[in-house]
Amino acid sequence: MSAPSPAVEIVDLVKAYGARRAVDGLSLTLPRGQVLALLGPNGAGKTTTIEICEGFRRADSGTVRVLGLDPVADAATLRARVGVMLQDGVGGYTGATAAELLRLFASYAATPQDPQELLTTVGLGDVAGTAVKRLSGGQQQRLSLALALVGRPELVFLDEPTAGMDPQSRRATWELVRALRADGVSVVLTTHFLDEAEQLADTVVVVDAGRVVAQGTPAELTRAGAEGQIRFRAVPDLRLDLLLDELPAGSHASEPEPGRYLVTGDVTPQLLATLTAWCASQQVLAEELSVERRTLEDVFLDLTGRELRT
């Protein structure tokens, strides 16, 4: 039996608006049951790419397959299998109550989730009878998430899902995304919250100017091309030459200030254990020991620049 096709597969995608290529030869793959975070500065081509996958725009060239199907030609088939959380929230249904709107969307699905239970899951049970236009921005975001999930989709596109949410709602949404993944649902996530991508994504794809500039797991991206650091305090004038004899090749050790030490290199559990064991052999107590590494935000800024984008 052949393996199922990827949840999303994009090969050499191009989409231009006049002379400007919003998407310029982009390729990526999302295996089934995983979470992919698509990151990039404003204007990088993220939303255009997602809208092509959702069937709202046509590609100029390249191949796009969603659950093995063409998102334009097979739109009717995919509609029942894909959930979409749009960046602009709930659209024009602002006069309906939250419960009415979710029941309407549930009526389109063959085997929908129970609307009231889903409202409770996203933290809107107490405002089910409130008109959408009277919900806060964060509440509308959570309702938009419920609308994307009510049809029990196999694949969900979440465009800035926690924008405008308070910290509690944001964390609850993270748990919901983790639950979707645990249930085998595939998720494409765009977000400007890089800690969100680091927490949730199996794969991170960074795009800029319509092209993929990096991709990998969060750990791979934060580890690649950067030395980790271990800082600690101890008695001054340790024999760092002896320490380096014990540490892996490529490690460095220095004493920037008397009694303050910095070890750099590929910081692994083994390196940390070797360092503390050496200190113990020297009858030295390593105090205030801290391990530091690049965050996904550091990687993102290194790849896309630190200047403001319009």
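This is a predicted model: local features need pLDDT of at least 70, side-chain atom pairs count only at pLDDT 80 or more; totals for chains, interfaces and linings use all residues.

I began with a helix pair: α3 and α5 are roughly parallel to each other, because their angle falls in the class under 35 degrees. (Over 145 would be roughly antiparallel, 65 to 115 roughly perpendicular, and the rest oblique.) Helix α3 covers residues 98–106 and helix α5 residues 137–149; they pack at about 20 degrees, with axes 9 Å apart. The axes are lines fitted to C-alpha atoms over the stretch in contact, and angles run from 0 to 180 degrees between N-to-C directions. Helices here are DSSP runs of H or I with at least four residues, strands are E runs of at least two, and both are numbered from the N terminus.

Which residues make the contact (heavy atoms within 4.5 Å)? I found Ala98, Leu101, Leu102 and Phe105 on α3, and Leu143, Ala146 and Leu147 on α5. I sorted them with Ala, Val, Leu, Ile, Met, Phe, Trp, Tyr, Cys and Pro as nonpolar, Asp, Glu, Lys and Arg as charged, and the others, Gly among them, as polar. The contact came out as seven nonpolar, no polar and no charged.

Residues are numbered from 1 along each chain as its sequence is written, and side-chain values use heavy atoms, leaving out hydrogens and water.

Next, the cores. I took a nonpolar core as buried Ala, Val, Leu, Ile, Met, Phe, Trp, Tyr and Cys residues joined through side-chain atoms within 4.5 Å. Buried means under 20% relative accessible area, exposed over 50%, and partly exposed in between, with a 1.4 Å probe and protein chains only. The largest core has 45 residues, and Leu39, Leu119, Leu143, Leu158 and Val204 have the most contacts inside it. Its largest share, six residues, comes from α5. A second, separate core has 24 residues, including Ala7, Ile10, Val66 and Leu155.

I also checked α1, residues 46–53: six of its eight residues are buried. They are Lys46, Thr48, Thr49, Ile50, Ile52 and Cys53. Just after α1, Gly55 has a positive phi of about 85 degrees.

Last, the whole chain: I counted 11 helices and 13 strands, and buried residues make up 44% of the 310 residues.

Methods:
Contact means heavy atoms within 4.5 Å.
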